[in-house]
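Hi everyone, thanks for making time.

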Amino acid sequence: MKLIDQKAREQALDIRQSFIVQAPAGSGKTELLSNRLLSLLSVVESPEEVLAITFTRKAAAEMRLRVLQRLTQADAIARGDMAMPEDPHQRDSMERALKVLQRDKVQQWQLLAQPGRLRIQTFDSLCSYLVRQIPYLSGMGGALAIQEDASALYREAAQRTLASLEEEHFAERLAAFLLHLDNDGYKAHKLLSEMLARRDQWLPMIGLLHQADADAEWHSRWQQFLSEQLRPVAKLFDRDLQQQLMPLAEYALQELGKMDKAELLVPLQHWQQPLRADARDLALWQTLANWLLTTAGSWRKRLDKNCGFPTGDGEAKRQKQQMSELLEQLAEYDASILADCLLLPSLTQLESQREFVFHLIDVLQLAYAQLQLLFREKAQVDFIEMAAAASQALGEPEAPTDLALALDYRVQHLLVDECQDTSRQQIQLLEKLTAGWQHDDGRTAFLVGDPMQSIYRFRKAEVGEFLRLQSDGLGEVALDTLTLQSNFRSQAALVQWVNALGPDLLANRDDGLRGAVRFASAEAIKPALADAAVQCHGFVNSKEYPKHEAQTVVRLIQQALTDGDQSIAVLGRSRQHLFAIASALRSHGLPFEAVEMEALREHPLIEDLRQLSRALIHPSDRLAWLCVLRAPWCGLTLTDLHALCADVPQRTLRSLINDDVRLHTLSQDGQQRLLRLRAVLQQAETFRGRLRLRARVQHCWMQWQGPELAADAESLIVAEQFFAMLDQIDEQHDDVLAEIDRQLDKLYAQPVGGAAIKLMTMHKSKGLEFDCVILPRLGAKTRADDTPLLRWEMVPIAQGHCLLVGAIQGARDEHAGATDWLKKLEQQRALHESRRLLYVALTRAKKRVHLLGAFSHSKNGFTAASGSLLQALMPHCFQEFTGALQIPEEQPEAITVISDRPMQRLARIEQRSVAISAIDSEALQLQQEDETLGSELSRAIGIVTHGWLEQWSRVGSTDNKPEPALLRKQLRWQQISETDLAMAVERVQTALHHALQDETGRWLLRQQGRQEWALTSEEGELLSRHVIDRSFVADGERWIVDYKTLHSDEDLEAMLNKRVREYQLQLERYASVLRRHETLPLRLALYFPLQQRCYAWRPGQTPERWQVNR
C-alpha cells in the first residue's frame, strides 16, 4: 500500500539534503530517524562522523538499541540464521542495515563489538563532551557535577550579591537597584534567584548595556518591537479599508461631540493618511480598536449613539448602514489581531522602565559572578552553565576554536530528535556545530519534531524555535520542510475524530511568539474498528462527582479488560485528578502502575527518617526528637514521653535522653527502649564530622532494626530513595533543613511494573501508546501559576532581541512598563500549550478514548469551566457530553469514628506494666535464632529474597524481575560488604530463579491471600506479635507458609531436616493464634527456594516433604 506521504518519506532518506521534518503523533518518526542513521552509516568513513542528539538518556538508549537490533538481525540474515522479513518496510530497513555491515567490514569498525562508536547522545552529554575536550577555553578546569536542580545555588548567589551592599565598590549599584523594589530585601533576593535561573535569556543583553550609544540602541529596539507587533494589524486594515473607515470615523466623532463624548475618537480627529505599522501610530491604532471592538475584544455587532451612530433617518441611517456592512466584513477575521494592540505599551512607557532595566542588568552581572564563584567552590554546575561553557569552547562562527575546527572536520551529519522541545541556547549550540557548512558540500542536518506536541515550556522549550527553524534554517544550513501524514498508531475512526477536532482545538495560524501552532491532519493506516472510537461521559458538578467519576472509570477499565485491551492509560492533567481513581482501583482489587503520582512526603517511613535527619543535624530541635522517640524503632508511650520532658521545656531532648535521673522516671518498658536508642545515638554522635548525613541516618535506622520494622518490600525501596536524596544534600548549605524539605517534595513512589493499567499525567504519557485511553476531570481547572515578582521577556525582533520589563509586583513604582502585554502573552502561551497537551493525550490511544468531564448548571444551561480542557472540546462535542449527563446522588456525610486502638505502626504494647521482653517476643526470639542459624550475610540474602517473593505474591505477577543493579542496591542497604556483594547477588538470583522454575514454588506464589500478615496475641499479661509470610485458602484449608533462604555446606537432607525441626515450633505458634479466629483446618508449610523443597504438615503432626499435584 502506497502511503499518502510516501514521497516525503523517500525524500527524508536522501542523505545528500538537509531537512526539518514535522512528524505528528504515530507517524513513525523513530523508524524514520533510524533508517536515516543507517543510510548515513553505510557511506561515511567512520561512525563518529554521524552525530544523533536526543533529549533524554532513555530516548538515546532506545535509538541506540533500535539501531543495534537492526544490525544484529542483519548479521543473522547474512550468516543464514534468519530469513529476510516479508514486510516491505521491514525489508527496506534490513537492507540498509546490511549495507552498514558491509561498510563496517570494509572500514573495520566492529560496531557490534564496539557499539560505543555510535554517537547517539543527549544535549547534556554533548555539552559535557565538548567541555572536557578544552577545559581551559570552556572556563571549566576540573570535573564538575551537573545539578538538575540548582535552585539552592541561585538562592545562595543572590544572598551573597545582596550582602555586597556593605562593600563600597558595589554599594551604589545595589542601592539604586533596591530603590526600585522599595528597599525590600526579600523581593530583591527572590527576583535575583529567579533571574539567575533564566540567565541564558538575558546574558546576551549585558554587552548592549556597555555600548556608548546604549540609550539610542534600547530606544531603537523598542521602537522596532512595537512596529513589528503592528504589522498584522496594518495588513488587516489595508489602505482601502482605512479609507472607507476615515469618513465614518469623522461622522462618529461629530456625533459623539454633540454628547460631550468625543474623547473616544479625538486621536483620529484628523485621520487623513492610512495608519502604518509604526510605533508612532500605536495610540491611533488603539483608538481604532476601542471604537471597533467590544470590551470583551470581539467585533461590535450593535451600533448606537455611544459609538457615534445614533438612530435616525437620512444621513444617520446611511452612515450606520455603511458601518454595519464594514463590521460584517471584519467579522470574518480574527478580532484578536486588533485587540492585541490594546495591550501594547507605548514607547513612553517602555522608556520609563529604562533606568530600572539598566540597574537590574547591572546587578545581575554581580549575581552571575557570585554564581560562577559558587560553581567553582562547590564543584557543581547547572545545565545552563554547561551549555554556555560548551558554546564558549566552540568559539564564534567567525572565529572558531581548534575544537570547533576539529569537530567540523569530524562531524559530517547531524540528526536531532524532538526538535520542538529545543531551547534557544541549544539551537545556538547547533548553529555553532554547523557553522561553515555549505550547500552541496556533503554535510547535512536532519531535524525531526512535532510542534503540535510541544508541551514542555516549563523546561524552557519554546515552540517558536521550531517554527523559526522551518522558516530560517539552522544558521547557515538551509532546511527543506517535510510533513508526515500517515498515522500507524490509531485506528481510522479515531484519527478522523481528531482530524475533525484539530482545527478548533489548535490555532488557525502559526505564531511563534504567542506559542500558536496550526493543526496538521493525519491519515490512518489501520482500519476503523466496529465500536465507537471516542465516547463522552458528562457529569453535573457536585461534591460527589469525583467519587462517581472514579467508579465510572473503574467500570470502563473493567470493560476494556473484558474486550481484550492489553494496555489502559488513565491520564490526568494533574496528579490530583487521579487520586480518587487510584483509591477506587485499589478498592476493586485492580492492580495498576502509578507514574510519579504518589508523593513520598506523606509516607510514614519518610516522615520518620526526615525527623531523624533533623534531629541529627540540630540537637535542639524538640519536635524532631519527640518524633524520633515516638517512631516505630523506639515507640515510647505518651506517658513516658510526658515523664521524660514535660516539666523541663528549657532542656533539649538530646540532653534528657542521656540523663540517667530522667531515665528512671520512665516505665521499665520505656527505660529499656530508651537505653537501646541511646546507645546507637552515642555511636552516631562519634561519626559527626567524619561521615556524611546519609551514612549517619542510615546507620541509626539499620541499628534500630528499621528494615525489619518496615511494612513491606516497598518500604525498603522508599527508604533507599530517601537515602539517595540525602546523598545529594550539601551539608554546608546555609539552610540544610529547608533544602531537605525542598528535595523531598520531588520524591515520588517508584511504580511497580507489569500492570496493564497505568495512571500518569498527560505530560508523562508523551511518547507512549495504549489500547485504551481514559481522560478524567476534563472540566477541572488546574491551579494557576504563581504570579511572578517581575514579568519580563526577551522578545525576538529582526535585529536580535529586545528586553521588555513590567512593574515589580507590589512595588510603588508608578511605571507599569509592559506588564499588561506580558501578562496577556503568558496567558496566550499557556492556553495554546494546554490545548496541545490535550492533543498529546488524545493521540496516545490506539483503539479508543473515553472523555469524562463535569459541567456547572445554571439558568443559562450547562457550561464548562473557563480555561478547562472540557471548554476546548465544546465546539466539537457539546451534544455528546450533555446528551446523557450523569447526576451523582448526594451522600450523607460519613461520621468519622476515632478508634482508641494504639497506632498500628508503633512496635509497642498497650498502656500496661509489661516488661519489654513481652513486646514482640516472637520477633526477638526469631532474631536470636537467625543469629544462631546463619550469618549476617545469610540474613541479608533472606530479607531481599523474601521481599521479592512477597512483592510477586502481592501484585499477582512475576513479570517484574529484579535487575542485578537493583539487587546490589538492596543488599547494600543490608550493609553487605563489597567483597561479598557479587556472591550475595548470585545467591538471591538463584533463589528467585529456583522458586519460579519449581512447580510448587509457582503454585505458592499464585495463590490469592495475605502477605506479611501481622497478628497480636494476648498471653496472660503479655502481648506477642507474629508476622506470617504467606497465608491463603486452598482446597478448603488455611495455609500458613514461611519462606526460608538457607545455604550450607552440610549434607542437604540433614541440614533441611534440622532446620525444619527448628522452625516447626514457630509455625505451630502461628497455628495456635489462628485457631482462635479460624474455623477452617490448618496446613503449615516451610518453603526453601534455594533447594526447591517444601515441607508441609497439619498442626501437631510430623512435617513431610510436599509437592503440588497439579
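Let's start inside: the lining of the largest cavity has eleven nonpolar, four polar and no charged residues. For the classes, Ala, Val, Leu, Ile, Met, Phe, Trp, Tyr, Cys and Pro count as nonpolar, Asp, Glu, Lys and Arg as charged, and the others, Gly among them, as polar.

Quick housekeeping. This is a predicted model, where local features need pLDDT of at least 70 and side-chain atom pairs count only at pLDDT 80 or more, while totals for chains, interfaces and linings use all residues. Residues are numbered from 1 along each chain as its sequence is written, and side-chain values use heavy atoms, with hydrogens and water left out.

Back to the cavity. On a 1 Å grid over the protein atoms alone, a cavity is a set of points where a 1.4 Å probe fits but cannot get out, and lining residues have an atom within 4 Å of a point. Grid points are joined across faces, edges and corners, and a volume is the space filled by probe spheres set on the points. With that search, the whole structure gives five cavities of 30 Å³ or more, and the largest one holds about 100 Å³. Its lining has 15 residues, and Asn487, Val498, Ala522, Tyr839 and Thr843 are the closest to the centre.

Which element gives the most to that lining? Helix H23, with four residues. Strand E11 (486-491), H23 (492-505) and helix H36 (819-842) each supply at least two. Helices here are DSSP runs of H or I with at least four residues, strands are E runs of at least two, and both are numbered from the N terminus. By domain, at least three lining residues come from each of domain 1 (5-128 + 384-488) and domain 4 (534-596 + 756-886); those bounds come from an automatic or database domain assignment.

Now an annotation. The unreviewed UniProt entry has a "binding site" covering Ala23, Pro24, Ala25, Gly26, Ser27, Gly28, Lys29 and Thr30. Of these, Pro24 and Ala25 are in the lining of the largest cavity. A caveat: UniProt positions are given in the numbering used here, feature names are shortened, and annotations may be inferred rather than shown by experiment.

Is Ala23 buried or exposed? Ala23 counts as buried because its relative accessibility is 1%; buried means under 20% relative accessible area, exposed over 50%, and partly exposed in between, with a 1.4 Å probe and protein chains only. Ala23 sits in the loop between strand E1 (19-22) and helix H2 (29-41). Beyond its neighbours within four places in sequence, Ala23 is in contact (heavy atoms within 4.5 Å) with Lys29, Val448, Gly449, Asp450, Gln453 and Leu484. Thr30, over in H2, has 32% relative accessibility, so Thr30 counts as partly exposed.

For another contrast, take Glu148, in the loop between strand E4 (145-146) and helix H7 (151-163). Glu148 is exposed, because its relative accessible area is 64%. Leaving aside neighbours within four places, Glu148 is in contact with Arg57 and Phe383. Its C-alpha is 8.9 Å from that of Val381, 233 residues apart along the chain.

Helix H14 (residues 282-292) is mostly covered, with eight of its eleven residues buried, including Trp285 and Trp291. The buried residues pack against helices H12, H13, H15 and H16.

Last, the overall view: the chain has 43 helices and 27 strands, and 53% of its 1110 residues count as buried.

Key: On a 1 Å grid over the protein atoms alone, a cavity is a set of points where a 1.4 Å probe fits but cannot get out, and a pocket is an open set with protein on both sides within 12 Å along at least five of seven lines; lining residues have an atom within 4 Å of a point.
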